[in-house]
Amino acid sequence: MQSACRYLAQRLFTRTAKPKSAATASPSLQALTIAALALPGLVLSPAYAAEDDEVNFQYGHYQEGKRNLYTVKNDRNPIEVESLLGKAKISLSDRIKFAFNYTQDTWSGATPVTTAPLATKGNRAYQINTASGRTVTVGASPIIFSEILLDKQFTPLRQNSNNKVIDGGERLVHVLSSASPETRKQGDFKLGYEWDEAALDLGGGISVENDYESRFGNINGRWDFNQKQTSLNLGLSYTNSDTSAILDHDSTSYIFNTTYSNILDTAFSDQIEQAGALKILHGNREDWGTALGLTQVLNKDALVETSLAYTRSTGYMENPYKVMTVVFVDPDQQGKYLTGMVRALLEQRPDERNQMTLGGRYIQHIGMLDAALHLDYRFFHDDWGIDAHTFEADWVQPVGNTWTVTPRVRYYSQSAADFYAPYLLSKQAFSKGVFDKTTGISSTVFFDPQQLPANFSSDQRLSGYGALSGGVTVNKQFSKAVSLEAGFEYYIHAGSLKLDGGGEGSYSDVNYFIANAALKVNLATLGNAALSDHSSSHHGHDGHHGSHAPAGVMFGHMLGKTNEVMAGYRYMYSRQAGDVLHGSKTADDMAIVNNGCGKGSNRCRLTPTYMDMHMHMLDIMYAPTDWINLMLMPQFMDMEMNLRELDGAPPVKQGGHVHTGTGHATGGVGDTGMYALLKLFDRPMHHIHLGLGLSAPTGDVDIKLRRTHQQDEGYIHYGMQLGSGTWDFKPSLTYTGKWDDWSWGAQMSGTARLEDKNQSGFAFGDIFQSTAWGGYSLTHWLSASIRGVYTDQNAVSGKFKPTPGVVDGAVVKNVNPLSGPMDYPGSYGGRYWDLGFGLNAVVPSGDLAGNSLGVEWLQPVHTDVNGYQLDREGALSATWSLAF
């Protein structure tokens with residue numbers, strides 16, 4: 001769901017935007033910015049902040065509270081977002097700067113698909129009558145297809161289980177729909193050139209989701225004058241976005257009922273693709289934007305900023321996952337009550353939008369407290385009828401020499417869009433029977449779409465509401481180059497908080513929080529330190545321990561100096577695709593159908609076509625002494641699997657479905673590693689150290705597929721869970737050697753599960769791995785390596801706990817998927833032989849001296865799997881590290 005991902009990602013990382021800056025700043029401003037720049041949310045003109053080369057890593061978590069569904073217990077998980085942000089700024093020369101950002105966020109949970117009168121019971125639980133006559137509650141889906149009673153004033157009326165009217169049903173409620181995890185990835189860059197009193201930046205990027213892709217570019221210029229006391233900024237941007245949304249399986253039966261297909265023919269017929277059982281809505285959107293900003297230094301303790309921005313958007317502006325509830329009422333009905341037919345239409349918005357934002361910021365340094373006050377105001381206006389005001393205040397307070405605490409408060413208020421409504425009441429019959437006396441044929445005439453508004457939406461983000469938030473950021477500076485930062489902010493979203501009243505009712509109220517943590521590394525400061533100490537500390541480390549191990553080897557080296565610290569980043573990618581193997585031999589479809597789903601009468605229906613795994617890991621290492629290193633290694637995972645139907649698979653039962661042509665995706669925080677490396681032997685040519693580690697089960701192992709096609713799904717496949725779910729012991733023994741330009745090494749490592757099963761009922765198999773490598777220094781800064789690897793992993797033990805639900809219209813005790821080898825514990829693990837080819841580089845001089853980069857490709861040589869599994873195509877590892 002592309003709009004939610006983009007919106008939430010902006011909220012997660014807006015607070016930690018690093019100030020833009022120039023190569024030089026005026027002396028009067030430098031005194032001001034010493035304290036002021038500690039605020040993560042501050043974005044100054046490029047003329048006024050010292051922009052050093054740096055690398056930042058940030059994790060963010062967004063969590064909504066549960067919404068009030070009134071008469072129905074809300075047992076759906078609310079929206080939750082896990083986000084990762086990596087940023088780098090590098091000076092290519094004194095005047096040429098390059099910056100790169102990578103953002104990844106994965107979200108899941110229940111979100112409003114529409115708003116409806118409470119009388120429609122849109123959130124009612126899904127129930128089924130058993131053979132014994134009992135009614136069993138087995139799940140919940142958005143239900144937007146019903147009949148309700150209204151009085152003569154067209155007020156909805158609530159009824160009890162005996163259809164007796166109990167009260168007026170004017171109260172509204174959000175109708176929720178859940179989603180399986182979805183991941184968005186975005187990469188963008190900026191290349192800039194700086195003159196003495198001007199700068200020019202060119203940038204661009206791409207954002208990709210399963211249902212959405214956006215490409216963007218921008219150009220920004222800055223001119224400094226008035227002895228650099230004044231700066232003028234001008235920017236231009238362009239974005240082109242494509243939507244390809246698979247419409248909600250559990251809602252399409254209500255949205256796309258043939259009885260009102262005439263509406264869809266008018267609105268979306270040229271945008272909807274019928275792909276088998278799936279309906280895919282396509283749309284394109286363009287955004288042009290420009291921004292003008294002026295920054296003025298008032299005195300040595302204060303500055304002010306003003307900005308004006310304009311954006312024009314055209315094309316597909318709708319959210320494909322939002323619908324409008326419409327109650328059709330024939331006013332000619334007789335009797336005490338009226339009957340209304342409740343249906344849903346895809347929302348329709350104008351195909352263009354013009355937006356203007358006016359902003360101002362005042363920054364005041366408080367000398368006696370060594371603090372800074374930041375006051376912000378922004379006004380937003382568009383031709384959809386939305387006016388929004390944002391007030392923000394921050395207080396930046398240094399505490400001691402190394403701490404900074406920044407409390408903040410923020411208030412936001414907006415009016416509703418002209419075409420926003422919680423639901424529509426159409427005073428016309430939904431359908432009428434007509435008899436043609438001439439032909440003698442009866443037919444049905446449906447409602448007149450011209451009696452509906454041209455545009456309509458019940459998206460809560462277009463409603464009138466206010467939001468009040470408070471938060472705090474704490475920054476700890478460990479050295480001139482390294483700092484850690486943590487922040488927390490709590491939001492209250494309510495219609496009653498709207499600035500001039502008249503906001504949405506309490507049904508729309510929701511609270512949420514945002515938490516984040518960041519590691520910030522100033523490369524310029526570290527580079528200067530590394531350059532001055534290169535011949536003694538780090539160079540001695542290299543000569544003593546040999547060149548760095550290949551990028552795919554973990555725990556391959558130690559820090560050799562007391563109080564030395566290393567910050568690093570590790571990326572790993574692996575792909576399975578191609579043939580399905582049984583042992584080391586290729587298995588055809590019929591063999592998988594008959595044998596891939598365990599013993600007995602079970603027959604497979606599906607098999608994966610590919611599976612991709614991406615892992616991002618921070619390496620934080622500290623040497624309290626010269627013989628022990630402590631390591632902390634948090635990680636962020638995301639995985640995607642695509643499925644196909646097997647040739648010869650058993651037929652799908654009536655009412656059943658097959659997940660062909662679509663992918664499952666998961667993402668978020670993985671398990672967290674904590675390790676100690678102990679030096680056992682250390683000589684000029686040879687080194688041996690022991691690794692002892694624990695992996696904490698911080699990754700989710702209870703991720704489930706959403707209910708779809710009116711059927712419950714259960715747990716997603718074992719290999720798609722984010723962690724092991726168990727505490728794991730991870731020992732290793734590493735030997736490295738070096739002579740002249742040659743280096744070599746070997747390692748044995750393992751993973752032993754310390755628990756028989758996790759909270760979901762299973763445990764991954766133990767792992768043993770051995771590897772050996774050799775390397776040669778091609779130059780004083782570049783080396784190449786070759787490596788052999790053998791890995792042995794046991795199959796999964798146990799299995800997922802039973803999940804009750806409905807399959808093919810019948811209540812069953814366990815709806816966990818059993819449709820392919822990926823759903824069976826015996827089809828995990830195996831024995832693997834691989835050959836790796838790598839390059840390692842160390843920046844020898846300059847501001848970036850000491851930075852180490854490594855890359856390795858691991859090519860499968862032989863694979864012998866347990867059960868039935870996809871073949872392996874290879875794995876890529878890339879690392880960056882810097883010791884100081």
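Which strands each supply at least two residues of the nonpolar patch? These are β3 (96–117), β9 (172–194) and β10 (198–209), where strands are DSSP runs of E of at least two residues, numbered from the N terminus. The model is predicted, so local features need pLDDT of at least 70 and side-chain atom pairs count only at pLDDT 80 or more, while totals for chains, interfaces and linings use all residues. Residues are numbered from 1 along each chain as its sequence is written, and side-chain values use heavy atoms, with hydrogens and water left out.

The nonpolar surface patch covers about 1100 Å² and includes L92, F100, F189, W195 and W288. Patch residues have over 30% relative accessible area and no salt bridge, with nonpolar side chains (Val, Leu, Ile, Met, Phe, Trp, Tyr) joined within 5 Å. Strand β9 gives the most, with three residues. W288 lies in strand β14 (residues 278–299) and is partly exposed at a relative accessible area of 46%.

Strand β39 (residues 732–739) pairs with β35 (residues 686–696) in the antiparallel sense over six bridges; pairing requires at least two DSSP bridges. Within this pair, T734 of β39 stands opposite H689. Strand β39 also runs antiparallel to β40 (residues 742–753), joined by eight bridges, and Y735 has A746 in β40 as its bridge partner. Two residues lie between the strands of the β39 and β40 hairpin, in which D740 takes a positive phi near 55°.

One disulfide is present, the term denoting cysteine sulfur atoms within 2.5 Å. C597 is joined to C604, with an S to S distance of 2.0 Å. The torsion about this S-S bond is about 120°, so the disulfide is right-handed.

Methods:
Helix = DSSP H or I, 4+ residues; strand = E, 2+ residues; numbered from the N terminus. Patch = residues over 30% accessible without salt bridge, like charges linked within 9 Å, V, L, I, M, F, W, Y side chains within 5 Å. Areas by Shrake-Rupley, 256 points an atom, 1.4 Å probe, with all protein chains shown as cover. Salt bridge = Lys/Arg side-chain N within 4 Å of Asp/Glu carboxyl O. Buried < 20%, exposed > 50% of the residue type's maximum accessible area, 1.4 Å probe, protein only.
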